[in-house]
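Visitor: Please bring up the model, and I shall ask about it as we go.

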Amino acid sequence: MRLVLASASPRRLELLAQIGVRPDEVDPADLVEAPGPKETPRLHAQRLAREKAAAVAARQPDAYVLAADTVVAVGRRILPKAETVDEARRCLELLSGRAHRVDTAVAVVAPDGRRAERLSETRLHVKRLSPTEIDAYLESGEWRGKAGGYAIQGRAGAFIIDLSGSYSAVVGLPLYETVCLLQGLGWRP
């Protein structure tokens, strides 16, 4: 019962290790992650997780394939995975003092072709951030490549006033949903 993680995210590997799950292989799907026209944040996350799982399952037909995608959204607006300081600053300024949502979709494909997926929606509220706090966070570099320009498992954890939902989903993989999907399709460690 091989398990392949269709993600290069070290955070997803760490989360799986936290519950004693160690994939046999990491085989990231290489997809364009741009949202489709009028695609809502939750549908975007679900489509990407599904497409990642399918792409890797096509080249790993003898394995259970686990894929996920995390989207940070304010209303219907999908925030980017910040790649530049300016992009991260815009995300943090937008999130400052506001509620937002993190949608993380998980998809699993079994060796026999059966598929299952779940969506975890977490609501968060960020405290009002001062320019000094934003500058200090940007200097840390922690934001780089993170959806919404922040990593809750790091320094940005101190910015969160309230969280309703799955903490692990905000990090990148809702553990409860992941275990349910894997077990439901017959995977055993």
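Visitor: Which elements each supply at least two residues of the lining of the second largest pocket?
Guide: They are α2 (41-59) and β3. Helices (H or I, at least four residues) and strands (E, at least two) are DSSP runs, numbered from the N terminus. A pocket is an open set of points on a 1 Å grid over the protein atoms alone, where a 1.4 Å probe fits, with protein on both sides within 12 Å along at least five of seven lines; lining residues have an atom within 4 Å of a point.

Visitor: Where do these values come from?
Guide: This is a predicted model, in which local features need pLDDT of at least 70 and side-chain atom pairs count only at pLDDT 80 or more, while totals for chains, interfaces and linings use all residues. Residues are numbered from 1 along each chain as its sequence is written, and side-chain values use heavy atoms, without hydrogens and water.

Visitor: How much space lies in the second largest pocket?
Guide: About 240 Å³. The volume is the space filled by probe spheres set on the points, which are joined across faces, edges and corners. The pocket is lined by 14 residues, and Glu33, His44, Leu79, Pro80 and Lys81 are the closest to its centre.

Visitor: Which element gives the most to that lining?
Guide: β3 does, with 4 residues.

Visitor: What about the largest pocket: what is its volume?
Guide: It has a volume of about 410 Å³. Its lining has 26 residues, with Ser9, Arg11, Arg12, Lys81 and Gly145 nearest the centre. Two or more lining residues come from each of α1 (10-18), β3 (63-74) and α5 (167-171).

Visitor: How do its lining residues divide by class?
Guide: There are 13 nonpolar, 6 polar and 7 charged residues. Ala, Val, Leu, Ile, Met, Phe, Trp, Tyr, Cys and Pro count as nonpolar, Asp, Glu, Lys and Arg as charged, and the others, Gly among them, as polar.

Visitor: Changing topic, at what angle do α3 and α4 pack?
Guide: Helix α3 (residues 85-95) and helix α4 (residues 131-140) pack at about 140°, with their axes 10 Å apart. That makes α3 oblique to α4, because angles under 35 degrees count as roughly parallel, over 145 as roughly antiparallel, 65 to 115 as roughly perpendicular and the rest as oblique. Axes are lines fitted to C-alpha atoms, for helices over the stretch in contact, and angles run from 0 to 180 degrees between N-to-C directions.

Visitor: Which residues meet there?
Guide: Val85, Ala88, Arg89, Leu92 and Glu93 in α3 meet Ile134, Asp135, Tyr137 and Leu138 in α4, where contact means heavy atoms within 4.5 Å. This contact has 6 nonpolar, no polar and 3 charged residues.
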